[in-house]
Structure formats: C-alpha cells, structure tokens
Amino acid sequence: MDIVGTDPSGQIAAAAAVGVDRLVQVGVDVASSRWSVRLAEEHLGVLAAVALHPNDAPRLDDLDEALRQIEALASHPRVRAIGETGLDHFRTGVEGRAAQERSFRAHIAIAKRYDRTLMIHDRDAHADVLRVLDEEGAPDRVVMHCFSGDAEFAADCAKRGFLLSFAGTVTFENARALREAATVTPLDAMLVETDAPFLTPSPYRGRPNSSYLIPLTVRALAELTGNDLAQVCAAISVNGERAFGPWR
C-alpha cells in the first residue's frame with residue numbers, strides 16, 4: 001500500500017469497505033520502513049515489513065549502517081516481514097550486483113534471527129535468487145513479492161514451500177506466462193497484493209493502484225484457477241496469517 005501524499009486513514013477505510021481489512025505496509029528504505037512501523041502502530045489492520053530495496057543497496061553511501069537501522073526495527077512486534085529485499089537484474093547493472101547480493105544475504109540473516117517472514121523482490125533474477133537462498137538457507141517463511149515468473153518457476157517455488165504473491169498484472173490478458181503460473185500455484189501457496197501505486201488491475205490499468213482494488217485481482221485468480229471465489233478468499237486469508245501472524 002503506497003499512500004505517500006494521501007490520507008492513510010482514508011485509504012485503509014476504502015480497502016476495509018470492500019472486505020480488505022488486513023494490510024501489510026512495505027518499507028523500501030530506512031525512512032519508509034520507519035514510517036511503515038508507525039502506521040502499523042496506529043492501525044490494527046496494518047502490519048509492517050522493513051527493508052532496503054535491492055535497487056537502492058548499491059547506491060547507499062553506507063550500506064552497513066542502513067542495514068543496522070533496518071535490523072533495529074526488525075524486533076518491533078508490529079514488524080512481521082523483512083522485505084522487500086532480493087535481487088533485481090532489470091534496473092541494477094552488473095556493477096551494482098555485488099552490493100545488491102550482499103544486502104540480500106544480510107536481510108536473510110535478519111529474517112532468521114528475528115523469525116520474520118522474508119519478502120523477496122525478484123526481477124529477471126530467478127536463478128540467482130534461488131541460488132542465494134540455497135546457499136544461505138531460506139527462512140521458515142518466504143513470500144515471493146509481486147511474483148513475476150512462469151509456470152515452471154511457480155512450481156519450483158511452491159515445491160520449496162514459498163508463498164507466491166500475485167499483483168494486478170495477473171489480470172492482464174497479455175501476461176500469459178504469469179497467468180499460467182497462477183494456474184499451477186496451489187491455493188495454500190497463494191497470496192495477493194497491490195504493489196501500489198503500480199500494477200493496477202484491469203479494467204483500471206494505467207491509473208494509480210490502491211488496496212481497495214484487490215478484489216479484482218482475487219476474482220481473476222479464482223477464474224484462472226477454476227476455484228470458487230469464496231474458496232480462494234478463505235485460502236488467501238489463511239495464508240496471510242501463516243505468513244504474517246495475527247493482525248490484532
């Protein structure tokens with residue numbers, strides 16, 4: 001839920017009005033991670049995730065100090081995930097990938113030390129993400145944030161016990177590989193998200209995204225997988241609590 005420049009209470013209320021009453025606010029740097037924690041303190045329907053985004057890691061003047069500040073937030077009871085972290089080979093060139101990988105490994109360690117779910121950003125880096133997780137040992141709970149792989153990668157992730165979180169892109173007719181990935185994802189491995197303000201589901205593609213549009217993505221997942229809508233909603237609810245624990 002990206003609500004910078006908007007009224008958080010209004011956005012949260014709009015989501016709750018359509019049945020989306022539990023949210024995770026995700027940090028992407030020290031400042032936004034601290035803000036996420038404050039929001040989660042103020043709203044019982046919001047939990048926090050804290051991290052340094054993979055694309056930011058190579059640009060930081062002092063990566064170690066930033067990681068220390070993220071770790072200082074990790075023990076907060078309203079922080080339930082470390083993320084989004086991971087690897088991005090689309091926006092980060094070869095020259096920045098060593099720092100990016102060092103940051104990813106550090107976040108994995110933090111997640112394991114504090115028993116937090118690891119929330120992974122993976123863009124054009126599927127094989128390397130799995131390599132690093134295998135080398136470090138994955139935490140007990142892993143969420144593939146804004147899943148972008150194909151059916152083969154989805155099956156591989158599900159086999160490892162990871163949760164796959166689908167955003168509005170799964171509603172796009174031209175996202176064939178992603179839509180096929182959804183069809184092979186077991187219900188007990190499925191989550192849903194906005195990645196707001198981006199990846200707005202059809203028919204509102206191109207407009208700013210927000211959590212109140214989540215039902216469109218959930219309906220698309222039900223249609224793609226051939227499951228009853230209520231069954232999909234129930235599974236996502238259970239999976240959310242398994243990943244992040246109770247909101248209240």
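Helix α2 (residues 30–42) lies across strands β1, β2 (46–50) and β3 (79–88) and runs at about 160 degrees to β2. The model is predicted: local features need pLDDT of at least 70, side-chain atom pairs count only at pLDDT 80 or more, and totals for chains, interfaces and linings use all residues. Residues are numbered from 1 along each chain as its sequence is written, and side-chain values use heavy atoms, with hydrogens and water left out. Helices (H or I, at least four residues) and strands (E, at least two) are DSSP runs numbered from the N terminus.

**Sheet**

- An open sheet is built from 7 strands in the order β1-β2-β3-β4-β5-β6-β7, with parallel pairing; two strands pair if DSSP finds at least two bridges between them.
- At the edges are β1 (23–26) and β7 (190–192), each of which pairs on one side only.
- On average, neighbouring strands of this sheet are turned by 30 degrees against each other, direction ignored.
- Strand β5 (residues 142–145) pairs with strand β6 (residues 163–166) in the parallel sense over 2 bridges.
- Methionine 144 stands opposite leucine 164 in β6.
- Helix α4 (residues 97–113) packs on the sheet and touches β3 and β4 (117–123), where contact means heavy atoms within 4.5 Å.
- The direction of α4 makes about 160 degrees with that of β3; such angles run from 0 to 180 degrees between N-to-C directions, and axes are lines fitted to C-alpha atoms, for helices over the stretch in contact.

**Helix pair α8 and α9**

- The axes of α8 (residues 214–225) and α9 (residues 229–244) come within 9 Å and cross at roughly 115 degrees.
- α8 passes α9 in a right-handed crossing (left-handed if the near helix is turned anticlockwise from the far one by less than a right angle, right-handed if clockwise).
- On the α8 side the contact involves Val218, Arg219, Ala222 and Thr225, which meet Leu229, Val232, Cys233 and Ile236 in α9.
- By class, this contact has 6 nonpolar, 1 polar and 1 charged residues; Ala, Val, Leu, Ile, Met, Phe, Trp, Tyr, Cys and Pro count as nonpolar, Asp, Glu, Lys and Arg as charged, and the others, Gly among them, as polar.

**Loops**

- The peptide bond from alanine 196 to proline 197 is cis, with omega near 5 degrees.
- Serine 202 and proline 203 are also joined by a cis peptide bond, with omega about 10 degrees.
- Proline 197 lies in the loop between β7 and α8, and proline 203 lies in the loop between β7 and α8.
- Aspartate 115, in the loop between α4 and β4, has phi near 55 degrees, a positive value in a residue other than glycine.

**Cavity**

- The structure holds 1 cavity of 30 Å³ or more (on a 1 Å grid over the protein atoms alone, a set of points where a 1.4 Å probe fits but cannot get out; lining residues have an atom within 4 Å of a point).
- The largest cavity has a volume of about 30 Å³, the volume being the space filled by probe spheres set on the points, with grid points joined across faces, edges and corners.
- Asp122, Met144, His145, Cys146, Phe147, Ser148, Gly149 and Phe153 line the largest cavity.
- By class, that lining has 4 nonpolar, 3 polar and 1 charged residues.

Key: On a 1 Å grid over the protein atoms alone, a cavity is a set of points where a 1.4 Å probe fits but cannot get out, and a pocket is an open set with protein on both sides within 12 Å along at least five of seven lines; lining residues have an atom within 4 Å of a point.
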